[in-house]
Amino acid sequence: MDGSNLLIQVDSMDVNDLVYVERDLNFRQKVGLCFLLFGDVDADAAFILQKLLAMTGGDPRQPSDLLTQYSKSRPDTWRRQLVEGLCIIQARQVLRKLGFQWSELRLHYLPHIAGITLHVHPLLKSLYRICEDLTMAQSGRLILEVSERVGRQQAGAGDPLRFYDTSFLEIFLLDWLTRRCIRLGDLNATGSDVQLLIEHLKFNDMQEQAKLLIDTINSNAQESQVPVTVSGTPAIKSETLADSQQAAPATASAPALRRADALQLSRENAGIALIINQQKFHRDVSPELKKYLSPKNLERRDGTDVDERRLKEVFSSMGYQVESHSNVDHMEIVHMIRNACSRSTIRDSLVVCILSHGIDGAVYGANSIALRISELENVLCSDVPSLYDQTHCLIKLLFIQACQVETDKKLAENQHGQPFPLEATTQSPGQHLHMLRANSTVKGFSALRHTHNGSWFIQSLCDNIVKHSASVHIADILMMVTKEVSGKRGKNNESMVPDTNVRLTQHVYLPPRCQ
C-alpha cells in the first residue's frame with residue numbers, strides 16, 4: 001500500500017471505533033498515548049492530567065472515554081495523530097484490529113526514530129522515548145530533583161502534585177507542562193524550553209537523553225532559529241512573544257515586555273466565541289411569564305448586525321470557533337451558554353458576547369424577558385465545576401452591549417417587568433476567578449449604537465483588539481476601550497462610559513491573529 005492509500009485508510013476511521021481501541025489498551029499504554037496526544041496544549045495537558053490521576057485513584061481497568069473526548073476536541077486531525085501515537089507506543093495489536101499493516105505504518109511514521117514526527121509534537125515523542133528508556137531509579141531521581149526545583153521556583157503557585165508512582169513519568173511531565181516550567185513550543189519547537197530536563201540529564205550522566213532533546217529541538221528548528229548547544233543555554237525565541245510577532249498585523253503596536261506568569265491563549269485551542277445578537281423582539285410568551293415582560297415594547301436594534309459581523313471577523317481571525325445566534329429567547333440564552341461551557345472543558349477560553357436591550361443589571365431575551373447579568377455570570381462560573389481546578393483556568397470573557405437604565409420604581413414595587421429569576425449560584429468565591437466582564441455602559445445609563453456603523457463599545461473593542469492584542473493583555477485593552485469611548489460625543493453631546501470588572505489572576509493575551 002502506498003502512502004496515499006494509507007492516509008485514505010487512516011482518514012476513514014470511524015469515531016465509534018475509539019471505544020474498542022481504548023478497551024484494548026492497558027493503563028500504561030493509555031498513559032503514554034494520552035501524553036502524546038494531549039500534551040501539546042496546556043489546557044489539554046491539564047485536562048488529561050486530572051483524568052489520569054482520577055483513574056489511578058480507582059480501578060484503571062474501568063472503561064473510559066479519553067479518546068472519544070480527544071476526537072471531539074480535534075475533529076479534523078484526531079485520526080492521523082491517533083494512528084501515529086499508537087505507532088509510537090507500539091500498540092501493534094490495536095492497529096492490526098483496525099486493519100493496518102505494521103510494516104507499512106513503520107515505514108510511514110518512523111516510530112523507531114525519536115524526534116521525527118508527522119502529526120504528534122516531536123518533543124513529546126522524544127520525551128516519551130526517555131520515559132521508556134530510564135530505569136525506575138533514574139526516573140525517581142529525575143522526578144524528585146525537578147519537582148524540588150519547580151517547588152522552589154513556584155512557591156505558593158498551586159498545590160503540589162499528590163502522585164507518587166514514579167513508573168509513570170509521563171504524568172509528572174504533564175504536571176510540569178501545565179505549570180509551564182517546561183514548554184514544547186510549536187511543532188517546529190520554536191518557543192520550547194526543556195532546559196530544566198536537559199540540565200538534570202546532563203548532570204546525572206544521561207548524556208544520550210540530553211542530546212536527544214537538544215537534537216529534537218535543533219532538527220525541527222527553522223533556519224532563523226538559534227540552535228541549542230550541548231554545553232550552553234538554549235537560545236530559543238520566547239513562545240508568546242514569537243507567536244505574537246508572527247501573527248500581528250502591520251498596524252499592531254510594538255511588542256512589549258511581558259510578565260513571567262503571563263498567559264498566552266493559543267490559536268489552535270482558543271475556544272468558542274458565542275455571539276447572541278438580538279435585533280427583533282416579541283412578546284408572545286405563556287401566561288405565567290407575562291409578568292416578566294418588559295414594561296414597554298422593545299424597539300428593533302438597527303445596526304446590531306454591523307457589530308455581529310465585526311465580532312465574527314475579529315474572533316475568527318484569532319482561531320475562535322465563532323457561533324452566532326440571532327433573536328434568542330431568555331431561557332435559550334442560558335441553554336446556549338451552558339452548552340458552550342460543556343464543550344469548553346479542554347479549551348483555553350470561552351467568549352460570550354450579548355448584544356441586546358437592557359435595564360439596570362440585566363439584558364433582554366428576544367421574547368422581552370430580561371435575565372440578570374450576575375446570574376449569567378454564575379452560569380458561566382458554575383455550570384462545569386471541573387473547569388475551575390488548580391491546573392486548568394478556563395479564561396471567561398463576557399462582553400455585553402446593552403443599556404443599563406434604572407427600572408421604573410412603581411413597576412419594581414409591583415414585581416412587574418423584573419428579570420426572570422434563574423437562581424443560578426456558585427459554591428465558592430474561587431469559581432469566579434479567571435473572568436473578565438465588560439459592559440458597554442455603567443449602571444443607570446444608556447448604551448449608544450449607530451444604526452449604520454454599529455455601537456460605540458463593540459466597534460471600539462474590535463478596533464483595539466486588532467491594534468493591540470499582540471502586545472497588550474486583555475484587561476489593558478479594555479482600559480483603552482474605556483478611554484476611547486468615554487471621550488466620544490454624539491450629535492446631541494451624548495456620552496457613555498463602559499464598565500469593566502476584572503477577576504483575572506494574571507495577564508492574559510488573546511490568541512495571535514492571522515494576517
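Biologist: Which residue in β9 stands opposite I400?
Modeller: Strands of a sheet pair through backbone hydrogen bonds, either parallel or antiparallel. In this predicted model, I400 faces N439 in β9, and β8 (residues 395-401) and β9 (residues 435-439) run parallel, joined by five bridges. Strands (E, at least two residues) and helices (H or I, at least four) are DSSP runs numbered from the N terminus, and two strands pair if DSSP finds at least two bridges between them.

Biologist: In what order do the six strands of the open sheet lie?
Modeller: The order is β3-β2-β4-β8-β9-β12, with mixed pairing. β3 (321-326) and β12 (499-503) are the edge strands, each with a single partner, so one side of each has no neighbour in the sheet. On average, neighbouring strands of this sheet are turned by 10 degrees against each other, direction ignored.

Biologist: Which strands does helix α20 touch as it packs on the sheet?
Modeller: Helix α20 (residues 474-486) touches β8, β9 and β12 (contact: heavy atoms within 4.5 Å), and its direction makes about 10 degrees with that of β9; such angles run from 0 to 180 degrees between N-to-C directions, with axes fitted to C-alpha atoms, for helices over the stretch in contact.

Biologist: Where is the pLDDT below 50?
Modeller: The chain averages a pLDDT (the predictor's confidence in each residue, from 0 to 100) of 85, and 87% of the residues score at least 70. The pLDDT is below 50 over residues 229-255, a stretch with 54 contacts in the model beyond near neighbours in sequence. It is also below 50 over residues 384-391, where 21 such contacts occur.

Note on methods: Residues numbered from 1 in each chain as written. Predicted model: local features only at pLDDT ≥ 70, side-chain atom pairs only at ≥ 80, totals over all residues. Heavy atoms only, no water.
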